[in-house]
Amino acid sequence: MMGTDKSADQRALAGLARAVEAEFTASVMTALPDTQKYRSAMMRRALQIMTRQLAGGDNAADELATLTGCADFARLAVLIRQRKLTLDDAQLRAGLHAHVRARLAQTNPGFLARHDRGSDNA
Amino acid sequence: MRLDERDAQDRLRHWLAQQLGAGKITVTDFSRLSGGAIQENWQLNVDVSDGAFAGEQHWVLRTDALSSLSVSHSRGTEFAILQAVSAQGVLAPRPLFYCADKAVLGRAFFLMNRADGIAQGHKLTRLGLSRGAAEALGRQLGQQMACLHRLGPETKALGVLGPPPEHPARHQIAVMRDGLDRLAASAPVLEYGLNWLEDRADHMNPQGCSVLCHRDFRTGNFLVKDGQMTALLDWEFTGWSDRHEDIGWLCARCWRFAAPELTVGGMARFSDFRAAYETESGIDIDLFALSLWQVMAEIRWAVIALQQAARNDSGEELSLELSLSGQMVPEMEYHMLTLIDEIDRGCWRDDRK
């Protein structure tokens, strides 16, 4: 019986998701009537998020876990609410910022790019 | 019960004929309107043969979605709110009839007049209104919100809402934490924001009173036609709160769509809104309180988005729209952290945009 290689499985899944997204964008979306544009754009967006998450792994969670010493985010949320996290506020805030940016790189990189250009503070 | 089934429409027509005292009702259109993740809105066009409503009528039927948020009002309460705010002069759809009898459509519903205009935020914030038109709209939004905020807990017709919270901000923080607990959501970023607000909650009710807040007054929930707001929609979250909650929600960064440079819902400048609001209400907007309620707005929309995603994830209501709402949470968290940084560093400037 062959052993499992999680990273190889994940790479294969990411490749599969990319292929589905490309096929959907090139062949399906272009054939749909205007009335389906909104729904097909939502489907494309979902496929893009899945592709990026499969390709990117869980780096966003890993870095925050390293900073806070807490890999269980449910536990981390409780510690923050109870103000029991022994971490400087500025450090924690910077860590949370980095965590959010890493998640945005997967869910909506366009949002991140727009805000990095400073459009929000124009 | 599906509303597009023939039996449902027959029962609706029969019920309508009784309400209107009309001999014959012909339904010329009954189709679901887009949007409405929490409630369903159906366009209902009817031809009434006689009586007070004789002629062609363009209405909206509003009812619960198959699954709804526990924090949203019942349709009966929403109908009572619409009656009260319409009497106050707020531009809201005119409520017509309420039906609590589930034998008719399987769920409570009400009918209201259909107002004209566009509501979609992505379209509205790309209209390219002239400076004059944007000023007028900003003033109208300020005047309308102030008109709404004249209603206080002493309003008898709004007794259905119960008493106001002792402290609106602390109450809202507790509601958000409870929402996260019910979802079993791991949300360390939102927890951080709630702690930060809790430390400043004493500044979030500067007048020390509660007023009637729509609590979802934002671009996407009001109709605009020819540059004028024609109706404020979706009164399902309305309740007593600090006035800055509504202002902060309308001015939240997450609700500016294509025009983040315009503080008032991506549609107008804050100065125009503020002048009209303060003139109409006689109350000065407290900018620090506003900035704090903006932070709360980002957290609240994030919690609602998580709740929407959970409805899909549980299999209760499979919906790509609901699922994608959950994927937007990092955007609200980004705005929340950015606002917190700006407020702490004294460089928050949304009042100048």
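This is a predicted model: local features need pLDDT of at least 70, side-chain atom pairs count only at pLDDT 80 or more; totals for chains, interfaces and linings use all residues.
Residues are numbered from 1 along each chain as its sequence is written, while chains are lettered from A and ligands numbered from 1 in the order in which they are written.

**Overall build**

The C-alpha atoms of chain B fill a box of roughly 70 × 45 × 40 Å along the principal axes. Chain B has twelve helices and nine strands. These are DSSP runs numbered from the N terminus: helices are H or I with at least four residues, strands E with at least two. Buried residues make up 46% of the 353 residues. Buried means 20 or more other C-beta atoms within 10 Å of the residue's own; exposed means 12 or fewer, partly exposed lies in between, and C-beta atoms are placed from the backbone. Of the contacts in chain B with a separation of 6 or more, 70% join residues 24 or more positions apart. A contact needs C-beta atoms, placed from the backbone, within 7 Å.

**The five-stranded sheet**

An open, antiparallel sheet of chain B runs in the order 1-2-3-5-4. Strand 1 (25–32) and strand 4 (95–99) stand at the edges with a single partner strand each, so one side of each has no neighbour in the sheet. Neighbouring strands are turned by 25° on average, direction ignored. Angles run from 0 to 180 degrees between N-to-C directions, and axes are lines fitted to C-alpha atoms, for helices over the stretch in contact. Two strands pair if DSSP finds at least two bridges between them.

| Strand pair (chain B) | Sense | Bridges |
|---|---|---|
| strand 3 (55–64) and strand 5 (109–113) | antiparallel | five bridges |
| strand 7 (222–225) and strand 8 (228–232) | antiparallel | four bridges |

Leu61(B) has Leu111(B) of strand 5 as its bridge partner. Helix 1 (6–20) of chain B packs on the sheet and touches strands 1, 2 and 4; its direction makes about 125° with that of strand 1. Helix 2 (75–88) of chain B also packs on the sheet. Helix 2 touches strands 3, 4 and 5, at about 160° to strand 4.

Strands 7 and 8 form a hairpin with two residues between them. Asp226(B) in the turn has a positive phi of about 50°. Leu223(B) stands opposite Ala231(B).

**Leu158(B)**

Leu158(B) lies in the loop between helix 5 (131–149) and helix 6 (168–183) of chain B. Leu158(B) counts as buried because 21 C-beta neighbours lie inside 10 Å. Beyond four places in sequence, Leu158(B) is in contact with Ile81(B), Ala84(B), Leu151(B) and Leu212(B).

**Helix 7 and the chain contact**

Helices 7 and 12 of chain B pack at about 35°, with axes 10 Å apart. Val189(B), Leu190(B), Gly193(B) and Trp196(B) of helix 7 meet Glu333(B), Met336(B) and Ile340(B) of helix 12.

The contact between the chains takes 20 residues from chain B and 27 residues from chain A. Helix 7 (188–198), helix 11 (320–327) and helix 12 (329–345) each give two or more residues to the chain B side.

Definitions and conventions
Two residues are in contact if their C-beta atoms, placed from the backbone, lie within 7 Å.
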